[in-house]
Amino acid sequence: MKEMLPVIARYSIVGDREYQQDLCAYAENGGLLLAVLCDGMGGMEGGEKAAEAGVSTMLGLFQSMPPAGIGEAAAWMRAAFEAADASVASLRGENGSPMNAGSTAIAVMIEEGRMQWGCVGDSRIYLMRGGVLSTVTRMHNYNLRLDEMLREGVISPEEMERESVRGEALISFLGIGGLPLADTGTEPLPLYPEDVIILCSDGLYKSMDDQQIQAVIEESGGNVELMVRRLADHALRLATGKQDNTTVMAVRILSGSR
Amino acid sequence: MKKCMGCMNDYEETRGICPTCGYSDAAAEEQMRKAPDLIAPETILAGRFIVGRALSLSGFSAVYLAWDALLLRRVVIRELFPYELCRREPDGLRLTPEPGAPKGLMTECVMKFEREVSLLSGSQDIPMVLNYYRSFKENGTIYAVTEYLEGSTLEDLYGGDRKAPASLCKKILSTVGAALDQLHARGIIHANLSPSSIYMCSNGELALIDFGMTKRWLSSRMRKDPGILDLRYSAPEILMRKVDPTVDMYSAGAVCWHLLTGKNPPDRLKKRIHIRDEGMGRLIDELTAAKPEDRPESFHAAGVYT
């Protein structure tokens, strides 16, 4: 059987912000690969601390209590998100009062050509396969609720329009204290050679549309280091307003046989 | 606002002429008059690229400045247009096979070029090599999209009988040699090294451009010399069925000899022109050995870089 090896790269830019509140990391444990990205929010260094707490809690659990295999990854991720949520919620400022910081979290776990994914908040996971770019995750923001309410007739189109100015506010995030929403895939996804998985904070997709992201991936000659750097650099260049912190991770699946 | 097809900057339409580079509709018309086979400026390719002024035209391809309307940046587009194999249709865009040309050769040429671009696209991690982003097939031919670099070729800078100092030659040889060793390790041969395919960027860095694997293959298949390769810098065996990477060693040596002497490389074999720097003289003799097996097997082995 052909072995499928993932290659992974990551890259972050501060953009036009004063602080870097995005954080990402990856680790291996007994044949499992975990990649995590957290986009923190909260005044001053609150966002940075929240993202740190998110990433370190999840990585720590991965090293000390990994799932038995990819089949258990979804449950593991939900539990890891809960733990990270509690960790961020318990952050205290210098004066001992709650920091009121939060963070998104997205994660991808891979074992022997199968992948499981998880998401809390509005960071995004893309899958590029066979020349098609698809978004794997959905955004946990107010727009999600508004869409639901409009469809169910709970609110009118006029009310929807009025409310949607606040549409991008997150309704689920690490630090909320009891996650209302945490998504994972149902079954592990089989991966194929040349698949590319992109994890990114909203800094990327707010400045670049799917077509642009796809074009940059396609022209990088399969080189993940080039992909992540170019995606962030293009996002900075193409931004119409101020560019947010932007973090990109790319995982490419190589066929192991040479 | 109008986008200038000469430099891709925007300017006020009422001005009539681009304030950055001086290009105008008159310049576009002049290009079409002088070289009617070229794609007209403002033609759109792949529903994404706006073709600008032509940068060069040879028996193998036409090269254009272009605007990438998706990623909002300048690029360079190389259109495969082998003069002996195909001709431009009256629509000014489509290429159709020349009736007299060998059947299937254009199609095979497109395939070879696609493969060359794919190999180069996988080598964008090597600095000093022009980034080949992608290719696409349309209008009966294939186009390569590469990055746009500000600067000039060594031909522009040292063409004719201008001489370059030995120090510059050493720098060129070491940079180009290091890049070529990496490319050779991946099965890529440049095959078209000359002062026109070595670029001096505005920031002082060198880049290898205008790769020639497909050019070489096509030249070896044509019965008469179609002027595709610049044979002045080519190894003697360049048109054989198969060549090895040492063709690049030969050409690098020939380029250095030209830069140092300001003379045409074929003269090297006829006249005994003395190279003042003895080390360089010896190195050039090694690189340009008539038999491939007598040339260094890598630029590193030749001591060109450490």
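Predicted model: local features only at pLDDT ≥ 70, side-chain atom pairs only at ≥ 80, totals over all residues.
Residues are numbered from 1 along each chain as its sequence is written, while chains are lettered from A and ligands numbered from 1 in the order in which they are written.

Let's start with helix 2 of chain A, residues 73–89. Helices here are DSSP runs of H or I with at least four residues, strands are runs of E with at least two, and both are numbered from the N terminus. (The expected span is 1.5 Å times one less than the number of residues.)

Quite a few of its residues are buried, among them Trp76(A), Met77(A), Phe81(A) and Val88(A). A residue is buried if 20 or more other C-beta atoms, placed from the backbone, lie within 10 Å of its own. The buried residues of helix 2 of chain A pack against helix 1 (46–64) and several strands of chain A, including strand 5 (105–111) and strand 6 (114–120).

Now zoom in on Ala84(A), which sits in helix 2 of chain A. Ala84(A) counts as buried because it has 29 C-beta neighbours inside 10 Å. Leaving aside neighbours within four places in sequence, Ala84(A) is in contact with Ala53(A), Gly54(A), Thr57(A), Met58(A), Ala105(A) and Leu174(A). In contact means that the C-beta atoms, placed from the backbone, lie within 7 Å.

Next, the place where the chains touch. Chain A brings 12 residues and chain B brings nine. On the chain A side, helix 6 (210–218) and helix 7 (224–238) each supply at least two residues, with the largest share, four residues, coming from helix 6 of chain A.

Finally, over to chain B, where the axes of helix 2 (residues 105–121) and helix 5 (residues 213–221) come within 9 Å and cross at roughly 155°. Axes are lines fitted to C-alpha atoms over the stretch in contact, and angles run from 0 to 180 degrees between N-to-C directions. Helix 2 of chain B and helix 5 of chain B are therefore roughly antiparallel, a label for angles over 145 degrees.

Note on methods:
Parallel < 35°, antiparallel > 145°, perpendicular 65-115°, else oblique. Contact = placed C-beta atoms within 7 Å. Buried ≥ 20, exposed ≤ 12 C-beta atoms within 10 Å, placed from the backbone.
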